[in-house]
Amino acid sequence: MKPDNYERNHALAAEYVVGTLQGAARRRFERWMMVSARVRRQVWYWERRLQPFNESLPEEVAPRAVWNSIEQRLFPATAPVAARWWQTLTAWRWSTGIAVLGVFALLLWTPSPPVVTHYVGVVQSQQAEPLWLVNASGDQRLSVKAMPPVQPADDGRDYQLWLLPESGAPISLALLPTGGARLQMNLSDQQVRQLLQSRSLAISLEPAGGSPTGQPTGPVVYQTRLVQL
Amino acid sequence: MAKADDGLVRALARIAQGDRQAFAGFYQKTHRAVFGMCLHLLRDRDEACDVLQETYIQVWHHAGEYHCDRGSVQTWMMSIGRYRCLDALRRRRHEADYDSVSDRQESNTLGPMDNVGNLLDRQRLNHCLKDLDERYRSSIEMAYFRGFTHQELAVAMGEPLGTTKSWIRRGLDVLRRCLDT
């Protein structure tokens, strides 16, 4: 590695944050971060820039046992502080309320650029092998890229993509490509609304040419959920 | 720095001085986002719980090392958790299925860590991703959201290893140039 190569360092920092810098190269880079403030700053740059990826993921409350384990490990000989959480929560509630009001005030005063929404979903096999990559954007376009391992189904059947609305029957969207091919289509206004509400898609195996009834007739073999970026 | 982050910075300062009450409040306030990310990356609830625990042990010991060059407190927290997830994935390559993560709940409410800065960052990233070559974008998304290695990307996309390496590298380079404009 050449410590003074700024562009190369940036590339390594990016791959470190994304996670594709692996093995010995990753460990070497971590040692390098310890001695170079400049390299650390480049890593922080990428952490900040890609943080919106993390914010697009759904939050989830962890089991209470996790906090109990943390307390037991850090403070094994003393009583837990959990009993007084309500005090902390109350304080947070007030500070949160004030902060949220501040954000609203800022939003009112800050001219917003046009909102560009982007959704992504990976349809995977039971072995977590990616099969189709689904991208949807707020301008009604939906694209589906079939990964090369996806081969045409047996018996000449087709994979059919369905939108699963929050209520009501599945809505047929398209017959899916296989073997690395890509499909691009436009959704109707109503389909966009329903997709944004449920973000749920399913894939069934249907007779060649698609379901003859307009509803899934074969087995639903995969499901996925889109996450918003 | 956004107002919403001020409270978290103050909490970290108190944690660095050994304030357990502040630590409990900090955990309550921040753990949902970290845990959600861990679940998404690891697809294994028990493993996500372990990583979450390790993440906050690290926060307790290193709270004083946070500074604003690291980005928001949330960015710092998520980075700690993300690297621990990547370590876990290295030890155990993609065994769990997406659907094993059940009962997810999406929060549509405005949380204390949402702020105008975050919104603009997200819009900028979305804008740049939209303009990115699809092969580059797919590679980056699969690596970031699933922790795929170069080799796994090559197999998944049916391309030579050198090609997917090149896609990631070029994609990130194009992304940086767009984000910096």
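A: What follows is a quick tour by question and answer.

Q: What kind of model is it, and what are its ipTM and pTM?
A: It is a predicted model. The ipTM is 0.81 and the pTM is 0.61.

Q: What average pLDDT does chain B get?
A: Chain B averages 83. Of its residues, 83% score at least 70.

Q: Where in chain B is the pLDDT below 50?
A: Over residues 94-116 of chain B. Beyond near neighbours in sequence, that stretch has 39 contacts in the model. Where pLDDT is low, predicted coordinates should not be read in detail.

Q: On to chain A. How many helices and strands?
A: Chain A has 6 helices and 9 strands.

Q: What percentage of chain A is buried?
A: Of the 229 residues in chain A, 31% are buried.

Q: And the contacts in chain A, what share join residues at least 24 apart?
A: The share is 59%, counted among contacts between residues at least 6 apart in sequence.

Q: Now the sheets. What is the strand order in the one with 5 strands?
A: The order is β6-β3-β2-β1-β9 in chain A. That sheet is open, and its pairing is antiparallel.

Q: Which strands are at its edges?
A: β6 (182-186) and β9 (227-228) of chain A. Each pairs on one side only.

Q: How many bridges hold β1 and β2 of chain A together?
A: There are 7 bridges between β1(A), residues 118-124, and β2(A), residues 130-137. The two strands pair in the antiparallel sense.

Q: What does Val120(A) pair with in β9(A)?
A: Its bridge partner there is Val227(A). β1(A) and β9(A) run antiparallel, joined by 2 bridges.

Q: Is β1(A) mostly covered or uncovered?
A: Mostly covered. In β1(A), 6 of the 7 residues are buried.

Q: Which helix of chain B packs on this sheet?
A: Helix α6 of chain B, residues 134-146. α6(B) touches β1, β2 and β3 (141-146) of chain A. The direction of α6(B) makes about 70° with that of β1(A).

Q: What about the sheet with 4 strands, what's its order?
A: β5-β4-β7-β8, in chain A. This sheet is open too, with antiparallel pairing.

Q: Why is one side of β5(A) and of β8(A) left without a neighbour in the sheet?
A: β5 (171-175) and β8 (220-225) of chain A stand at the edges, each with a single partner strand, so one side of each has no neighbour in the sheet.

Q: How far are neighbouring strands turned against each other?
A: By 30° on average, direction ignored.

Q: Which residue is the bridge partner of Trp162(A) in β5(A)?
A: Ser172(A). Strand β4(A), residues 158-163, runs antiparallel to β5(A), with 4 bridges joining them.

Q: Which helix lies across β4, β5 and β7 of chain A?
A: Helix α6 of chain A, residues 189-198. α6(A) runs at about 80° to β4(A).

Q: Back to the two chains. At what angle do α1(A) and α8(B) pack?
A: About 105°, with the axes 10 Å apart. That makes α1(A), residues 6-18, roughly perpendicular to α8(B), residues 161-180.

Q: Which residues meet there?
A: From α1(A), His10(A), Ala11(A), Ala14(A), Glu15(A) and Val18(A). From α8(B), Ile168(B), Arg169(B), Leu172(B), Asp173(B) and Arg176(B).

Q: How many are nonpolar, polar and charged?
A: The contact of α1(A) with α8(B) has 5 nonpolar, 1 polar and 4 charged residues.

Notes:
Residues are numbered from 1 along each chain as its sequence is written. Chains are lettered from A and ligands numbered from 1 in the order in which they are written. This is a predicted model: local features need pLDDT of at least 70, side-chain atom pairs count only at pLDDT 80 or more; totals for chains, interfaces and linings use all residues. Axes are lines fitted to C-alpha atoms, for helices over the stretch in contact, and angles run from 0 to 180 degrees between N-to-C directions. Angles under 35 degrees count as roughly parallel, over 145 as roughly antiparallel, 65 to 115 as roughly perpendicular and the rest as oblique. Two residues are in contact if their C-beta atoms, placed from the backbone, lie within 7 Å. Ala, Val, Leu, Ile, Met, Phe, Trp, Tyr, Cys and Pro count as nonpolar, Asp, Glu, Lys and Arg as charged, and the others, Gly among them, as polar. pLDDT is the predictor's confidence in each residue, from 0 to 100. Two strands pair if DSSP finds at least two bridges between them. A residue is buried if 20 or more other C-beta atoms lie within 10 Å of its own, exposed if 12 or fewer, and partly exposed in between; C-beta atoms are placed from the backbone.
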